[in-house]
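Subject: Structure handover

Hello,

Here is the structure I promised to pass on. Please keep it open while you read the notes below.

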Amino acid sequence: MDPLAILLAVPLAGGFSLWALGERDSAPEINAAFSFATFMAAAWLTEDVISTGPITAFHEQFFVDPLNVFLVALTAFVAFTTALFSRPYMRTEREHGRMTPARLRLYHSMYQLFTFTMLLALTTNNMGILWVAMEAATLTTVLLVSVYRTAASLEAAWKYFILCGVGIAQALFGTILLYFAAERVLGPQGDALLWTHLDVVKHQLEPAIMSLSFVFLLVGYGTKVGLVPLHNWLPDAHAEGPTPISAVLSGLLLNVALYSVIRCKVLAEGALDSRFAGNMMMGFGLVSTLAAAFFLSRQRDIKRMFAYSSIEHMGLMTFAFGMGGPIANFAGLLHMTVHSLVKSAIFFAVGHAAQKAGTQVMEDIRGLLRVSPRVGWGLMIGTLAILGMPPFGVFASEFLILTTAMREHAWATPLLLLALGVAFAAILRRVQPMVFGETTLRRLPYQPALAPVFIHLGLGLMLGLYIPPYLAAWYQQAAKLLG
Amino acid sequence: MSPFAVQLVNLFAAAMLLLAFAMLSQRRILALIHLYALQGLALSASTVTVAWATGQDHLYYSAAITFTLKVLLLPWILHRLIRRLSVKWDVETLINIPTMMLVGIVLVVFSFNLALPISEFSRSIARGTLGIALACVLLSFLMMITRSKAVPQVIGFLSMENGLFFAATSATYGMPMVVELGIALDVLVGMVILGVFLFQIREQFDSLDIHHLEKLKED
C-alpha cells in the first residue's frame, strides 16, 4: 500500500461516509477517528520521504519533497487535534441550540472534505490541480462559515465566497499564463504544468510572461493568505464561523495558500533572474504586518482580534520568504509551524471561553481563571507565545527574521518592530483582564477538551528551546529548495 | 491555418466582448441569463473553430464541456433558481450606465496594452484575442462591483470564468484535460453551493439585496 494514496483516500472517504451515516451521537468520534487515520498516513509518508528522499507518484501527478511533507504532517496533525477539540465544543453548541443535527452532519462531512482539499493542494505536482484544490477548499468551508445562519455569518460567508472566488480567478489567469510560458519550452499537454518539470526548465521560461503570471498568482493566492489589502474576508470568516473552523482556517488554510505562493515564487525567481518576485512578496508582507497590527488594536470581538493577528503573522512569513536565502527561509518555515500550532491552540481556548461567556465581545469575558483555570492559563500562555515571548518557538523564528532583515534590508526592521510592538501592547491589554479578575461566567455541559491546547503549546515551547536534529535538517533541506 | 479560421475566431471573440458589454448594462435578470448563455455559446464556437483549424482533438472535448456546462446546465440551474426565488422579473436600477460604459472602454484599452507584448510569444492562431479575453475578465469584475443584487453578482462571477477559459484557448491550445475537468467540477459545485446560499440569504433577510450584507465593518 502507498501511504500517499491512503493519505488522500481517508479524508475523502471520511467526508462521504460521514454524510451517508447522517448525524448520530458518535459522529464526532468517527470524525476524529478519520482524522487520526489521516495523521497516521501522514506520519508514514513523512517517514518514507525522510528515509528515501523525494517521491513522485501516479505518473508524476503527485510529488512529495521535504518542503511539502512537513506541511502535510503539520496539516494532518492539527486537523486531528482540532477534531478532538471539536467533540465537546460542538456538543455544547448543540446544547446551546446553535447547531441542529442537519448542520452537524454538514459540518462533519465538510470538515473531512476540507482536510482532503488541503492535502491535495499540498501533494499535487500539477499547478492546475493546485488551483482546483484551492478553489475546492473555499467551496467546502463557505457553508461552514454560514452554518449558524445568523445575519452576520451569512454576510461573512458571502464575502468569503465572492472575494476568494474573485481572488482565485486571478490565480487561474496566472496559471494560464504560466502554462503559456511553459508550453513554449515543454510542449503542449500533460507535463507542462508539472512543478518538477517546470523547476528543471525555469531558467528558460519567458521572463515577460512569467512576471505578469507571478503578479496574478500572488494577488490570487495572496487573497487566500489574507495579505492586506486583499484581507477583507478573513476577520469576518474567522469571527462568524464555528471556532474549530476558525482554528483550521488560521492554522492550516493560510499556510497552504502561502505554500502555493512560494512554489510559484521559486519558478518566477528562476525565470526572471531578478529579485522582482521576492520584492513583491516583501512589500505585501510588510504592509500586511503593519496594517494588521494597527487594525487588531481596534477590535472588540476576540476572534476578530486573533484573526488580525493571523494576518500579521502571515505577513511576517511572506516577508521572510520574500527575503529568501537559507536563514530567512528556515525562519519562515519555523514560523509557519509554530504559528499554526500556537494559533490553533489559542482558538481552542478562545472557543471554550466564548462558550462560557455566551459572547465573543471581549469586555464581557472576565475572570477565566476563577471558573476554569486551565482554559484561562491556556489562553494566557498561548497569547504570550504568539506575541513572541521567549522561550516559545515564535520568539526564535521572529528573532531570525528580524536579524536577517537587519542585515539585508535594514530599512524594514524598525517597521517590523513597530508592528510587533503595537500588536503586543494591544493583545496583552485585552487578554489580561479576560483571564484575571472577577467573573460572571457559567459552567459548560461538556468537559472542554484541553489536551490539544496544551499539546500544541508544549510543542511550541519545545521548538523554541530545542529543535530535534532531524527536524532541523529537514527545515534546512526545505529552505535550500526554496533558494 | 487558414486565414478564414483566424477571421472566424476573431469574430467570436468580438461577439464575446460585445456580450460582456451588454451584460454590464443589462438590468433584467432574465435577459442577463440569456446573455450569459450566449457568451458560453460564442466561447464553445470559437473553441470548435480553433480545434477544427489546428487539428487539436482535445479541444473538441473542451468545447463539449463548455457547451454542456455553460450553455445548457448552468443557465438551466439559474432559471430554476430565479423562478423558485421568484425574482424572475426583477429589474435592477443601475445608475450611470454611460459612465460604466466609458470605464469599460478604458478597461479594454488597458487589457490590450497589457496583452500585446505577451501575445506575440503565442503560436496559437487565436493569439490576437488574448487582450479580448483579459478585457472580458475585467468587465465581469466591473459588473460584480457595480451590482447590488445577489444573482447578477453570481452571473458576473460565472462570466469572469468564461473570460478565463477564453484566455486559455487564445494563449495556448487549452489547458491540460485533467485541469479543465477539475475547473469545470469546481464551477458546478460552486454554483450548487451558491444556490443553497441564496436561499439562506433570502430566508434571513427576505430579499436578495446585498446591501443587507454590509453590516460587518472594519473597526
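The buried residues of helix α15 in chain A are Val375, Gly376, Gly378, Leu379, Ile381, Gly382, Thr383, Leu384, Ala385 and Ile386. Buried here means 20 or more other C-beta atoms within 10 Å of the residue's own; 12 or fewer is exposed, in between is partly exposed, and C-beta atoms are placed from the backbone.

First, the ground rules. This is a predicted model, where local features need pLDDT of at least 70, side-chain atom pairs count only at pLDDT 80 or more, and totals for chains, interfaces and linings use all residues. Residues are numbered from 1 along each chain as its sequence is written, while chains are lettered from A and ligands numbered from 1 in the order in which they are written.

**Helix α15**

α15(A) covers residues 373-386. Helices (H or I, at least four residues) and strands (E, at least two) are DSSP runs, numbered from the N terminus. From first C-alpha to last, α15(A) reaches 20 Å, close to the 20 Å expected for its 14 residues. The expected span is 1.5 Å times one less than the number of residues. The helix is mostly covered, with 10 of 14 residues buried. Its cover includes α12, α13, α14, α16, α17 and α18 of chain A. Just after the helix, A:Gly388 has a positive phi of about 90 degrees.

**Chain A overall**

Chain A holds 19 helices and 2 strands. Its radius of gyration is 21 Å, close to the 23 Å that the globule rule gives for 483 residues, so chain A is as compact as a globular protein of that length. (The radius is taken over C-alpha atoms; the rule is 2.2 Å times the number of residues to the power 0.38.) Buried residues make up 63% of the chain.

**Where chain A touches chain B**

The contact takes 41 residues from chain A and 38 residues from chain B. On the chain A side, α5, α6 and α8 each supply at least two residues. The largest share, 19 residues, comes from α6(A). Two residues are in contact if their C-beta atoms, placed from the backbone, lie within 7 Å.

**One residue to look up**

A:Met40 sits in helix α2 (residues 27-52) of chain A. It counts as partly exposed because it has 16 C-beta neighbours inside 10 Å. A:Met40 and A:Glu135 are 95 residues apart in sequence and 26 Å apart in space, C-alpha to C-alpha.

Best wishes
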